[in-house]
Amino acid sequence: MAFYKLHMFFCTNFRTNGKKCCEQAGATQLRLYAKNKLKQLGLAKPGGVRVNIAGCMGRCAQGPTIVIYPDAVWYTYQTENDIDEIIEKHIIGGKIVKRLLMPELQNLANDK
């Protein structure tokens, strides 16, 4: 049995060369928002959901990036509302949020 049911990995990579990166889009702040939201919902615990910091996941141009494991679902997001939708629909409801999938995955997605 897994210690956590799901892991949300947030890329928080910062590039100093001026190229787009997740941190420039507020990744750290929105990761903290997700972590606090899951705590409020009572889901951030063993057997629940773990919110992790990740380095670069190679999707800088499409980010900011979240990947949820073990589901292997890659999302991009912009706002707290996007985070809320991922939590409500994917984490709680078990459904993929197609509109927030990485662009190359949108046509491959099947509802869970």
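Trainee: In what do the side chains of Glu85 and Lys89 meet?

Mentor: Side chains of opposite charge can pair when their charged atoms come close. Here Glu85 and Lys89 form a salt bridge, with 3.0 Å from N to O; the term requires a side-chain nitrogen of Lys or Arg within 4 Å of a carboxyl oxygen of Asp or Glu. This is a predicted model, in which local features need pLDDT of at least 70 and side-chain atom pairs pLDDT 80 or more, while totals for chains, interfaces and linings use all residues. Residues are numbered from 1 along each chain as its sequence is written, and side-chain values use heavy atoms, leaving out hydrogens and water.

Trainee: Where do Glu85 and Lys89 lie?

Mentor: Both belong to helix α2, four residues apart, about one turn of the helix. Helices (H or I, at least four residues) and strands (E, at least two) are DSSP runs numbered from the N terminus. Glu85 is buried at 16% relative accessible area, whereas Lys89 is partly exposed at 37%; buried means under 20%, exposed over 50% and partly exposed in between, with a 1.4 Å probe and protein chains only. Salt bridges with shared partners join Glu85 and Lys89 with Asp82 and Arg99 into one network.

Trainee: How many salt bridges does the count come to?

Mentor: The count is four. One of them joins Asp82 and Arg99 at 2.7 Å, N to O. That pair links distant parts of the chain, Asp82 in helix α2 and Arg99 in the segment after α2, 17 residues apart. Another brings together Lys37 and Asp84 at 3.6 Å, N to O. Here the linked parts are helix α1, with Lys37, and helix α2, with Asp84, 47 residues apart.

Trainee: What covers the buried residues of α2?

Mentor: The cover includes β1, α1 (27-40), β2 (49-54), β3 and β4 (73-76). Helix α2 itself spans residues 80-92, and its buried residues include Ile83, Ile86, Ile87 and Ile91.

Trainee: How many aromatic pairs does the count come to?

Mentor: There are three. Rings of Phe, Tyr and Trp (its six-membered ring) pair if their centres lie within 6.5 Å, and planes under 30 degrees apart are stacked, over 60 edge-to-face and the rest tilted. Phe3 and Tyr4 are an edge-to-face pair, 5.0 Å centre to centre with 85 degrees between the planes. Phe3 is exposed at 58% relative accessible area, but Tyr4 is buried at 17%. The ring centres of Phe9 and Tyr69 are 6.2 Å apart and their planes are at 70 degrees, so this pair is edge-to-face too. Because Phe9 lies in strand β1 (residues 6-11) and Tyr69 in strand β3, the pair ties together parts 60 residues apart in sequence.

Conventions: Contact = heavy atoms within 4.5 Å.
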